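Student: I would like to learn how to read the contacts and packing in a model like this one. Could you take me through it step by step?

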Amino acid sequence: METSFHDEYEDALLGVMFQHATVGIIMANEAGIIIRCNPYAARMFGYEIDELVGEQIEILIPDNLRTTHLEHRKSYHKNPVPRYMGVGRELFAKRKDDKQFPVEVSLSYAEDGGQKIVIAVVNDITVRIEKETKLVAKRTKELAESRAKLLDAQKVAQLGSIEYDLVEDVFRGSEQLYKILELDSTDPMTFKKYKSYLHPDDSEHVHAKIAEAKEKGQLFVSEHRIITEKGNVKHIYTRTSNIIKDAEGKPIERRGIVQDITALKTMESELREKQVQLEKALKKEQELSELKSRFVSMASHEFRTPLTTILSSSRLVEMHLERGNLDKYQKHLSNIQSAVKNLTSILNDFLSLEKLESGKVQFNPEPVNLSEFASAVLEEINLLVADNQKVKYIHSGDKEANIDQHLVRNILINLLSNAVKYSPNGKDIDLHIDRKKSSLVIKVKDRGIGIPEEQHEQMFGRFFRADNASNIQGTGIGLTIVKRYLDIMQGSISFKSKLNLGTTFIVEIPQ
Amino acid sequence: MRKVLLIEDNQNIRENIEELLELSNYEVMTANNGQEGVEAIQSRKPDLILCDVHMPKMNGYQVLEYVKSKPTEIPFVFITSSSQEKDIKKGVLSGADSYLIKPFEIEDLQNTIIKLLG
């Protein structure tokens, strides 16, 4: 066959390309014998060209891969198709000094004069692989750091992230999520299972919220309690932040967070409790302050009045004695005595209250004839009543009752003297003693000034005086003592009152 | 003889002060509540008023208010059982010329009256 100039030039060019190519080009025959290789390929493998030509291609293959390569080569010859660079497995080649290095190989197939030739273009990718490996290591490190940071953040925030696959009904959660739920991260987690952890008191409203979020396609936000399998109650805050939809717009996944807010809730509850305690203490403080102010006001008035009588009467005794008015000073001596009695009675009230508050009052019930008992009390009260005033005694039921005479007498004297004191109109007073089967009911009814309705609740408070009683002497202790005596007897006291029409006190003592 | 009106609901105190003032040569008129006191001011024209604070019907402040509403100025002295500052302030701010806290010495009463009546 004649060769043209043009063909010669082409061959020369191809020869130059073969000699100077910066990729390794190796040709081998069907038997795997290297028939040609370019200088770059020889340099790549650390051989001289002469050393390679005539050798089996497997000389360039690491020992452990030779058998495999042999099989691959045979099968390639059976079905020789071009294989492009970067396609297929990661390959390693072996240098003359036995060192292995990564390569990229493309294969093509030709026939020359009946001889089957395989052309391998080989690229040493050591530098690229090193770069890639470094980059992968760097990225892996960054990812690990980022993951560690995320986990730390989740741990600190007691917050787990969650991906809920709506199609499979499976949870995928972060490590912290499993910690919050006190579960092993290998446990399969389903929505149904989560719902079984809901606290019975919260279950209904969480289910309602879930249904609502599902129906409206909204994000789900909830604060609720769960009971873990270990039996711990936890406060959970959960919020979906994202709904993933398929191509048809159907939600397939919900993503969100689950946060353990137990510590926060405990703190909140402690704070609330502290606030309640503080408010209570403050209220008590205010009550004490008000009590103190009422006491000072009452004590001032109640002590200064008899003291004024004592001081002025004693000065008058002195003056009358100086002037020889012997007939006039006697009255003042009796005034002094009466004022001292008044002071003693106030003092006794204080002492009774103190005794009651320190738990020193004894309760000694005994059978008592009620009419005789009432007569003795009325005798004392009649000394206080106005000339035109009467205390009417009504009895019903049995004549006897089991009572502590001292305590019940004090109760009656208190209620009856109040009835007299707050009946400036001199209207009659009723005392009704009703011996019922299982209780003794005493009613004291007056037709006096009454108690303003808005002050009914405060009537048994210490030193309390109703507004319409401020111009009438009194300590505001009497009803407190009565109430405390009845508490000791496990009895009760109540009253009905209408302003300017009168008041009825009802005492009940169990029998 | 100067006329002193004493308005006081406590009988013993009223009688004792009356007696003490009479022994000190004052003409004493008495009223046992605020309302009677106002009637006495109208009918008896006292030179000075001694008045308790807490009394039935009309209290001392109301009596003072009445006195202040009239053109004639009558010296007004509260005699009070309260030593609390707020009550004393209230009395003075209402226009009382002086006040005496119970129990008081007869000399203090006499000095207060002399100071106001001259």
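Tutor: Let us begin with a term: contact means heavy atoms within 4.5 Å. By that rule, 12 residues of domain 3 of chain A are in contact with 12 residues of domain 4 of chain A. Please keep in mind that this is a predicted model, in which local features need pLDDT of at least 70 and side-chain atom pairs count only at pLDDT 80 or more, while totals for chains, interfaces and linings use all residues. Residues are numbered from 1 along each chain as its sequence is written, chains are lettered from A in the order in which they are written, and side-chain values use heavy atoms, with hydrogens and water left out.

Student: How is the size of an interface expressed?

Tutor: It is often given as the accessible area lost when the parts come together; here buried area is the accessible area (1.4 Å probe) that two parts lose on being put together, summed over both. Domain 3 and domain 4 of chain A bury about 1200 Å² between them, with 66% of it on carbon and sulfur atoms.

Student: What area is buried between chain A and chain B?

Tutor: Between chain A and chain B about 2200 Å² is buried, and carbon and sulfur atoms give 52% of that. Of the area that chain A buries against chain B, 27% is supplied by Arg304(A), Arg315(A) and Asn471(A), more than any other three residues. Counted by contacts, 25 residues of chain A meet 23 residues of chain B.

Student: At what angle do helix 9 of chain A and helix 1 of chain B pack?

Tutor: Helices (H or I, at least four residues) and strands (E, at least two) are DSSP runs, numbered from the N terminus. Axes are lines fitted to C-alpha atoms, for helices over the stretch in contact, and angles run from 0 to 180 degrees between N-to-C directions. Helix 9 (residues 262-323) of chain A packs against helix 1 (residues 11-23) of chain B at about 35°, with their axes 9 Å apart. Among the residues that meet there are Arg315(A) and Leu316(A) in helix 9 of chain A and Glu19(B) and Leu20(B) in helix 1 of chain B.

Student: Why is helix 11 of chain A called oblique to helix 12 of chain A?

Tutor: Angles under 35 degrees count as roughly parallel, over 145 as roughly antiparallel, 65 to 115 as roughly perpendicular and the rest as oblique. Helix 11 (residues 370-382) and helix 12 (residues 405-421) of chain A pack at an angle of about 40°, their axes being 10 Å apart, which makes helix 11 of chain A oblique to helix 12 of chain A. The residues making this contact include Phe373(A) and Val377(A) of helix 11 of chain A and Leu412(A) and Leu416(A) of helix 12 of chain A.

Student: Which peptide bond is cis?

Tutor: The bond from Lys102(B) to Pro103(B) is cis, with omega near -10°, and Pro103(B) is placed in the loop between strand 5 (98-101) and helix 5 (106-117) of chain B. In chain A, Asp98(A) has a positive phi of about 75° although it is not a glycine, and Asp98(A) lies in the loop between strand 3 (91-94) and strand 4 (100-112) of that chain.
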